[in-house]
Structures are given as structure tokens and as C-alpha cells.
Amino acid sequence: MHPQLQELHQDHVNLAKVLRLLEKQLADLQSGEHIDLEVLSEIVDYVQTYPDRVHHKREDIIFSVYLERSSTSRDLVERLMEEHTLLLDKTRNLYVHIEQWRQDSPVPRGRMVSIIADYLLMQWDHLNLEESSVLELLHQELTPADWARIEATMPLSNDPLFGDKVLQRFENILGQLSGY
Ligand SMILES: [Fe+2]
Ligand SMILES: [Fe+2]
């Protein structure tokens, strides 16, 4: 598998850990336990910073080259690109609700539960679809010339949580991720 695809896969493995940590927050919220809003905020901040803005941008570059030359499973790839835009909005919406809660205007617990549960469903569906079908499709269809084009425009990126240099604002959740 091309190193670019291996990197996408590793990003998915990393995001899955963060989503499982978010599932834990959701379970605590549902059972009425105390929620650490700092942790919740950091999780969503991370998703906005790297998966939504960098990982999806990298996929969009690869998907665009794919769509220019292949007619196989176009609907699927186009749908995933649309979901990148939708997920950006969904994450932003979740972040706004969490910030509202942090600033002493609590969002009703039931409302938060449904927002986070819907959000997790969409993130998992998207990630699982890419893992189960799209990475293999790209592996089969893209040629060395396609990869050369992709690499010429692919920006360098450092994951601020799982990369070499962890941003200070994610250090709280870094410690919590070891069990996931
Ligand atoms: Fe994606
Ligand atoms: Fe992805």
C-alpha cells in the first residue's frame, strides 16, 4: 500500500482512539456522572484541528485525482467528500455547545447526549466506510503517475496529538488515551 494510504490508515487508527474516548464521555453523561468539560473540549478541539482540517484535506486531494480518471464507485467517493464538509459543520456545532456549557450556561444533559450520539454515529460511519472499501479501491486504481501528482500537491502535516510534537493544549487527553 502506498505510504500516503498507510498514513491515512494510521490517522483512522488514531481518530478511532479519540472517538472511543468520546464514547466514554457520552456513557458518563448518560449515566449522570460528572463530566470533565476540559476533556470533552480538548477532544473536539483536536478533531477540528487535525482530522477535519488536515486529514480530510489530504483525502480530498487523493479523491479528486481519483475522480478525474476512474469511473468505479464514483458515488461513494463523492459522498465521502460531501461528508467532509458536513463533518466540519457537525464538529463546529458540537464545539459551540461544549463551549456554551463551559461558560456556565449548561446545555440540557439529554440534548448533549443526542448531539454527541449523532455525531459519533456520523464519524464512525465515515471512518468505517473509508476503511472497509475506499482505501483498497484507491490502492487498486491509482497509478504511480497519479501518486506523483498527489505528492506534488500534498501539504506537509504534523498531527498535534499523535505526531512528533504534541501541542500543549492536548496534553490532558494524551494521558487519557493510553487505555484506548
Ligand atoms: Fe474522510
Ligand atoms: Fe479518513
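Predicted model: local features only at pLDDT ≥ 70, side-chain atom pairs only at ≥ 80, totals over all residues.
Select residues 6-137. An unreviewed UniProt entry assigns this stretch the annotation "domain: Hemerythrin-like".

**Stop two: a helix pair.** Select helix α3, residues 51-69, together with helix α6, residues 144-153. Their axes come within 10 Å and cross at roughly 145 degrees. The crossing of α3 and α6 is right-handed. Which residues make the contact? On α3, display Ile61, Ile62, Val65, Glu68 and Arg69; on α6, display Asp146, Trp147, Arg149, Ile150 and Thr153. Colouring the residues of this contact by class gives 5 nonpolar, 1 polar and 4 charged.

**Stop three: the largest pocket.** Where empty space is left is shown by rolling a probe the size of a water molecule over the atoms. In this model, the largest pocket has a volume of about 240 Å³. To find the pocket, select Glu7, Asp11, Tyr50, Arg58 and Ser157, which lie nearest its centre among the 15 lining residues. Which helix gives the most to the lining? Select residues 3-30 to see helix α1, which contributes 5 residues, the most to the lining of this pocket. Coloured by class, the lining of the largest pocket shows 5 nonpolar, 6 polar and 4 charged residues.

Conventions: Residues numbered from 1 in each chain as written. Chains lettered and ligands numbered in written order. Heavy atoms only, no water. Axes fitted to C-alpha atoms, helices over the stretch in contact; angles between N-to-C directions. Helix = DSSP H or I, 4+ residues; strand = E, 2+ residues; numbered from the N terminus. Left-handed = near helix turned anticlockwise from the far one by under 90°. Contact = heavy atoms within 4.5 Å. Nonpolar A, V, L, I, M, F, W, Y, C, P; charged D, E, K, R; others polar. 1 Å grid on protein atoms, 1.4 Å probe; cavity = no way out; pocket = protein on both sides within 12 Å on 5 of 7 lines; lining within 4 Å. Points joined across faces, edges and corners; volume = space filled by probe spheres on them. UniProt positions renumbered as here; feature names shortened; annotations may be inferred.
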